[in-house]
Amino acid sequence: MTYDILEKYEMVPTVHLMKIRAPDVAKAAKAGQFIILRINETGERIPLTIADFNVDEGYVTIIFQEMGKTTKQLAKLTTDDKLQDFVGPLGQPSKIEKLGTVVLVGGGVGVAPIYPQAKAYREAGNKVISIIGARSEDLLILEDEMRNESDELYITTDDGSKGHHGFVTDIVLDLLEGDEAVDRIVAIGPPIMMRAVAGVVEPFDVETLVSLNPVMVDGTGMCGGCRVLIDGETKFACVDGPEFDARKVDFNLMMSRLGLYRPEEAEAVEVYEKECESETGCGGGCTCQ
Amino acid sequence: MSVRQPMPAQPADVRAHNFKEVALGYTQEQAVAEAERCIECKNPQCVKGCPVNIDIPAFIKSMKTSDFDSAIDKIKETNSLPAVCGRVCPQETQCEMYCILGKKEEPVAIGRLERFCADYELEKGVKAPQRAPPTGKHVAVVGSGPAGLAAASDLAKEGHEVTMFEALHSAGGVLIYGIPEFRLPKDIVQEEVDYIGQLGVDMKPGYVIGKIKTIDELKNEFDAIFLGTGAGLPNFMGIDGENLNGVYSANEFLTRVNLMKAYQFPEYDTPIKKGKHVIVVGGGNVAMDAARCALRLGADEVSIVYRRSDEELPARREEIEHAKEEGIVFRLLTNPVKILGDEKLMVTGAECVKMELGEPDDSGRRRPQVIEGSEHVVYADIVIMAIGTSPNPLIFEGAEGLEASKWGTIIVDEAGMTSIDGVCAGGDVVTGAATVISAMGAGKLAASTINEYLE
């Protein structure tokens with residue numbers, strides 16, 4: 001069994017959107033869940049949060065940034081290619097409920113998993129205030145889509161090329177110090193951003209959730225590679241999460257564990273890029289031709 | 001007195017550095033000679049030791065005249081996975097334990113003979129299996145490990161349409177992700193899985209039941225369901241430092257090595273940390289497998305840390321001997337109390353205590369007790385926890401009325417039926433972690449229960 005790529009384009013440099021035909025996954029998917037894909041027989045299994053899904057047309061959308069070998073390889077695929085495996089939906093769905101005002105924070109490629117949450121929280125009758133951030137304007141994704149699904153939208157860039165010059169946490173703090181009551185915050189992005197959000201909300205009594213994306217193999221609770229420490233207790237992000245109370249997450253441990261395979265990732269990228277550059281190439285195995 | 005034919009094997013110093021199969025299998029001459037040791041006793045006891053009731057005397061008799069075709073046909077009447085069982089069954093506590101020869105000398109090597117017949121057929125090309133006419137009934141089999149494969153095979157032979165759901169990307173369950181290549185080559189597993197496929201079983205890999213579909217939904221689509229989801233959830237000790245970098249569950253370590261082929265990184269994309277000094281905590285077959293994989297990945301020293309003594313090691317004796325021959329160090333009567341790490345949260349070793357054995361506990365094994373003041377550090381850059389697994393609770397998501405025990409196992413009656421009518425279960429998900437063959441026996445029992453239920 002293989003999975004067709006229905007659509008694929010580069011949204012901003014190094015960030016790509018892909019629609020995968022997987023009707024059963026689309027039917028069962030809910031905001032907050034993730035999938036695991038494998039490109040080919042020698043590939044590794046990588047988890048990606050679901051960015052969107054369409055039951056009628058039977059597809060699931062994923063958005064990924066080129067980081068390691070697998071995402072670089074994925075970036076070279078076209079609609080002529082197929083994925084070997086596409087497993088999901090995995091993890092617990094977000095607990096979408098009517099609360100009042102919900103602040104959604106997406107940083108970098110983390111805007112992608114925030115997008116279905118914006119839709120879901122709005123559908124449930126919440127006022128949705130979204131904050132999306134990127135290093136600079138040309139790396140910002142899903143601005144229009146997020147605007148459509150939000151009652152208010154704030155944009156931040158690290159270099160000030162668009163919106164607020166600074167970090168998403170600046171806006172979070174402004175909102176918390178403002179007059180309007182905030183009932184929940186959901187923040188998804190690089191670990192360092194989620195840790196910063198957890199720090200900012202500390203003095204305030206507002207429920208704050210983050211979505212963790214640690215190293216995992218199977219995504220069903222079988223390997224335990226995705227162990228995270230939540231309030232001193234070991235949890236498996238794949239089955240107990242991926243969303244957890246931001247205040248209770250041991251970010252230092254999580255970030256350290258995320259770095260475990262960095263030398264191997266670098267080696268894999270080096271070998272891969274050499275193969276791509278070499279005249280004989282890899283025999284087309286990497287599909288970059 | 002006849003002497004049991006020794007199993008040809010790769011020399012220990014060679015095999016410790018490769019992932020190729022350790023036991024090489026009998027030659028034809030050896031197989032016939034070993035078969036001839038069977039005295040064809042009037043009241044054969046061996047069969048009662050076989051969880052799938054192979055007609056052992058009959059297949060061995062055929063082997064005596066080199067009629068291996070009849071022998072494998074006889075085996076396959078009740079066992080769809082003979083190449084697997086011939087390799088990983090603990091025959092010493094099953095069929096061979098009952099062999100009458102065993103009273104005075106060594107029992108007939110029934111397992112090795114089974115393996116010979118299975119390999120003979122694989123080499124020659126497997127005959128397409130016979131199926132009964134279609135019944136028009138649809139059965140879902142959840143999990144493609146030994147229990148699921150055995151159930152699917154029997155159900156398909158009865159003429160039912162069988163759909164098999166597997167969470168991982170390859171069928172085989174623990175045969176694929178758990179048991180290493182050097183003990184059970186993956187192309188052998190694939191051949192056995194292909195045989196089940198030839199029976200018309202529709203394989204659906206990458207389908208996590210409980211997520212993509214629930215049991216409640218499957219009930220609407222199928223006339224009956226078999227749950228053979230195994231015991232895939234790794235246990236940890238609950239001691240300090242278990243989340244440090246470099247601490248693996250045996251499940252993760254073995255899955256990376258076996259299923260994902262991390263030992264061939266970077267040819268295969270999945271990485272694994274290769275330790276120089278590796279500790280494996282536990283004394284079962286999984287611990288031996290993990291230790292021997294770590295050694296083959298290039299470790300300088302691999303040690304098994306086990307809290308009881310050699311006598312209580314739950315692994316098969318053959319596996320323990322193989323591990324010792326390869327140079328695995330056994331730190332017995334030793335138990336870790338804390339995993340140690342550095343400022344980068346990388347594991348550096350384990351603080352351990354020495355144990356002594358006291359009075360027998362509920363399991364009949366002597367209870368290990370800590371020797372005061374025996375704290376010491378065993379240095380390691382990789383620690384692997386192989387202290388058991390539990391059933392995966394995912395299967396209970398959206399399974400209204402499916403009763404579980406306090407250990408998380410599914411409760412079944414003596415026929416393998418769960419608390420939901422038409423839903424059977426068997427294997428590790430019912431018993432907790434056990435053997436390949438007991439899971440297959442449970443799969444076959446459930447298949448016959450489902451047959452009756454569908455009539």
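A cavity here is a set of grid points where a 1.4 Å probe fits but cannot get out. The views below show a predicted model.

**View 1. The largest cavity, in outline.** By this rule the model holds four cavities of 30 Å³ or more.

View 2. H7(B) gives the largest share, three residues. Sorted by class, the lining has 10 nonpolar residues, five polar ones and one charged one.

**View 3. The second largest cavity, lined by chains A and B.** The second largest cavity holds about 80 Å³ of space. From chain A, the lining takes Val215(A), Gly225(A), Arg257(A), Leu260(A) and Tyr261(A). From chain B come Leu244(B), Asn245(B), Gly246(B), Val247(B), Tyr248(B), Glu252(B) and Arg256(B). Strand E6 (247–249) and helix H12 (250–259) of chain B each contribute at least two lining residues. The classes are six nonpolar, three polar and three charged.

**View 4. Helices H8 and H10 of chain B.** Two packed helices are described by the angle between their axes and the distance between the axes. Here the pair is H8 (residues 146–157) and H10 (residues 186–198), both of chain B. Their axes come within 9 Å and cross at roughly 30°. Angles under 35 degrees count as roughly parallel, and H8(B) and H10(B) are therefore roughly parallel to each other. H8(B) passes H10(B) in a left-handed crossing. On the H8(B) side, Leu149(B), Ala152(B), Ser153(B) and Lys157(B) make the contact. On the H10(B) side, Val193(B), Tyr195(B) and Ile196(B) meet them. The contact residues of H8(B) and H10(B) comprise five nonpolar, one polar and one charged.

**View 5. Helices H2 and H3 of chain B.** H2 (residues 28–35) of chain B packs against H3(B) at an angle of about 125°. The two axes are 8 Å apart. Are H2(B) and H3(B) parallel or oblique to each other? At this angle H2(B) and H3(B) are therefore oblique. Their crossing is left-handed. H2(B) brings Ala31(B), Val32(B) and Ala35(B) to the contact. H3(B) brings Ile60(B), Met63(B) and Lys64(B). Five of the contact residues of H2(B) and H3(B) are nonpolar, none is polar and one is charged.

**View 6. Two cis peptide bonds in chain A.** Gly88(A) and Pro89(A) are joined by a cis peptide bond, with omega about -5°. Pro89(A) sits in strand E8 (residues 85–90) of chain A. A cis peptide bond also joins Gly241(A) and Pro242(A), where omega is about 10°. Where is Pro242(A) placed? Pro242(A) lies in the loop between helix H7 (237–240) and strand E17 (243–245) of chain A.

**View 7. Glu40 of chain B and its positive phi.** Glu40(B) has phi near 50°. This is a positive value in a residue other than glycine. Glu40(B) belongs to the loop between H2 and H3 of chain B. The helices H2(B) and H3(B) pack with their axes 8 Å apart.

Key. Residues are numbered from 1 along each chain as its sequence is written. Chains are lettered from A and ligands numbered from 1 in the order in which they are written. This is a predicted model: local features need pLDDT of at least 70, side-chain atom pairs count only at pLDDT 80 or more; totals for chains, interfaces and linings use all residues. Side-chain values use heavy atoms; hydrogens and water are left out. On a 1 Å grid over the protein atoms alone, a cavity is a set of points where a 1.4 Å probe fits but cannot get out, and a pocket is an open set with protein on both sides within 12 Å along at least five of seven lines; lining residues have an atom within 4 Å of a point. Grid points are joined across faces, edges and corners, and a volume is the space filled by probe spheres set on the points. Helices (H or I, at least four residues) and strands (E, at least two) are DSSP runs, numbered from the N terminus. Ala, Val, Leu, Ile, Met, Phe, Trp, Tyr, Cys and Pro count as nonpolar, Asp, Glu, Lys and Arg as charged, and the others, Gly among them, as polar. Axes are lines fitted to C-alpha atoms, for helices over the stretch in contact, and angles run from 0 to 180 degrees between N-to-C directions. Angles under 35 degrees count as roughly parallel, over 145 as roughly antiparallel, 65 to 115 as roughly perpendicular and the rest as oblique. A crossing is left-handed if the near helix is turned anticlockwise from the far one by less than a right angle, and right-handed if clockwise. Contact means heavy atoms within 4.5 Å.
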